[in-house]
Amino acid sequence: MSSGTIADLALDIENKVFEMNNSDKQAGLFRIRTANKSLYDAKSQPIPRNLYQSLIFEGEITFLFADTGIGKTIFAVQIANEISKTDKVLYIDLELSDKQFQNRYSENYQNEYKFNDNLYRVDFQRRFSIPNGYDYDAYFIESLKTLIDSTGAKVIVIDNMTKLISSDTDSAKSAKPLMDLLCDLKFEHGLTMLLLEHTRKTDMSRPISLNDLQGSKMKSNFADAAFSIGRSSRDKNLRYVKQLKCRCCEIVYDTDNVAVYEVIKENSFLQFRFAEYGSEFEHLKQPSENDKASLIGKVKELSEQGRSQREIAKELGLSAMSINRYLKKV
């Protein structure tokens, strides 16, 4: 017997002994493993691919949120188009009509852009009825499963979540049931999801924070990653992209290193064209004296409620140092 064969046999025996000594145990809802067994099990799982510029990773739920009219759909279609070069993508478009879509990806409704056939654009039927025994959320998930089975797509973009939930998406009570179902679907089918959502009404003079996401606390708990688009005060066609959460790697595009883009149409394709990296503060609106007075008043109000400086900073999307400075002025 060759030394290579002996070594392989010894390793196989070692692995079997390890599995026997570290077998999974059950405790009601839970599975119990040693930390070493978790690492051992992870070896057989593929390393998540970076699908788009460290913003989208395979197997994760990612939120893209921004104010109305800032270009969420433009950037999301651009992302979907890029990923479709290697993977099948379902783009669930609940925003644009066919004609609006054609206008964006053509030159005056002619010379349309040629998308990859891996990209499927999906919209609601004009008339549909929900079968008996289903509520809206459950029927949406069943329909989505049918789409996945029929196309083989593993990457899903939903534009946007507000159109899926009939009540206020800022309410955890109304949004959580659907998020639970989407999360289950992700694990069941090994999906990657990009979910578009609106921001709360924001002040362009302060940095974007995770608190600006509608239903932020509940949704950020479900999200593996989140990023936002800000409007630059320097030029009406400039946007910047900022990461707020990323579990798969270190955040690349933070306050000191946002990715700046120009919104242009080129070769019949409406897109974000990369311009530079920069500081978010370079693109914020400079607050007026009235804005500053209003902010100081809000800081004072929250402080009188017993909130800590760190809590106030998180609530207002400012640094703890800024909060300390404002409280001294009060």
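**Helices on the sheet.** I began with helix α3 (residues 72-83), which lies across β5 (61-66), β6 (89-93), β7, β8 (155-159), β9 (192-198), β10, β11, β12 (258-266) and β13. Its direction is at about 95° to β13. Helix α5 (residues 136-151) packs on the sheet too, with β6, β7 and β8 touched, and its direction makes about 145° with that of β6. For the angles, axes are lines fitted to C-alpha atoms, for helices over the stretch in contact, and angles run from 0 to 180 degrees between N-to-C directions. Contact means heavy atoms within 4.5 Å. Helices (H or I, at least four residues) and strands (E, at least two) are DSSP runs, numbered from the N terminus.

**Ground rules.** I'm working on a predicted model, so local features need pLDDT of at least 70 and side-chain atom pairs count only at pLDDT 80 or more, while totals for chains, interfaces and linings use all residues. Residues are numbered from 1 along each chain as its sequence is written, and side-chain values use heavy atoms, with hydrogens and water left out.

**Whole chain.** I get 10 helices and 13 strands. Of the 330 residues, 43% are buried (buried is under 20% relative accessible area, exposed over 50%, partly exposed in between; 1.4 Å probe, protein chains only). Among contacts with a separation of 6 or more, 62% are between residues 24 or more positions apart.

**The sheet.** In what order do the 9 strands of the open sheet come? I read off β7-β6-β8-β9-β5-β10-β11-β12-β13, with mixed pairing. Direction ignored, neighbouring strands are turned by 25° against each other on average. Two strands pair here if DSSP finds at least two bridges between them.

I checked two of the pairings. β10 (residues 225-231) and β11 (residues 238-246) run antiparallel and are joined by 7 bridges; Ala-225 stands opposite Cys-246 there. β12 and β13 are antiparallel as well, with 9 bridges, and Ile-264 faces Gln-271 across that pairing. These two strands make a hairpin with 2 residues between them, and Asn-267 in the turn has a positive phi of about 55°.

**Aromatics.** How many aromatic pairs does a search of the whole structure find? It finds 16. The cut-offs: rings of Phe, Tyr and Trp (its six-membered ring) pair if their centres lie within 6.5 Å; planes under 30 degrees apart count as stacked, over 60 as edge-to-face and the rest as tilted. Tyr-52 and Phe-75 have ring centres 6.1 Å apart and planes at 80°, so I logged the pair as edge-to-face. Tyr-52 is in strand β3 (residues 50-52) and Phe-75 in helix α3, so this pair links parts of the chain 23 residues apart. Tyr-52 counts as buried at 7% relative accessibility, and Phe-75 does at 0%. Both belong to one aromatic cluster, along with Phe-227, Tyr-253, Tyr-261, Phe-272, Phe-274 and Tyr-277.

Phe-101 and Tyr-105 make a tilted pair, 4.9 Å centre to centre with 50° between the planes. Both residues are buried. The charged end of Arg-121 sits over the ring of Phe-101, 4.5 Å from its centre. Lys-186 has its charged end over the ring of Phe-187, at 4.3 Å from the centre. The test is NZ of Lys or CZ of Arg within 6 Å of the ring centre and within 35 degrees of the ring normal.

**Glu-112.** Which residues are in contact with Glu-112, leaving aside its neighbours within four places in sequence? I found Gln-102, Tyr-105, Ser-106 and Ser-268. Glu-112 is in the loop between α4 (98-104) and β7, partly exposed at 44% relative accessible area. Ser-268 is 156 residues away in sequence, yet the C-alpha to C-alpha distance is 6.1 Å. Gln-102 is in helix α4 and buried at 18%.

**Helix α10.** Last stop: the buried residues of α10 (residues 320-329) are Ser-322, Ile-323 and Tyr-326. Down the axis they fall within an arc of 100°, so they line one face of the helix (the arc is that of the directions from the helix axis to the C-beta atoms). Met-321 and Lys-328 are exposed on the other side.
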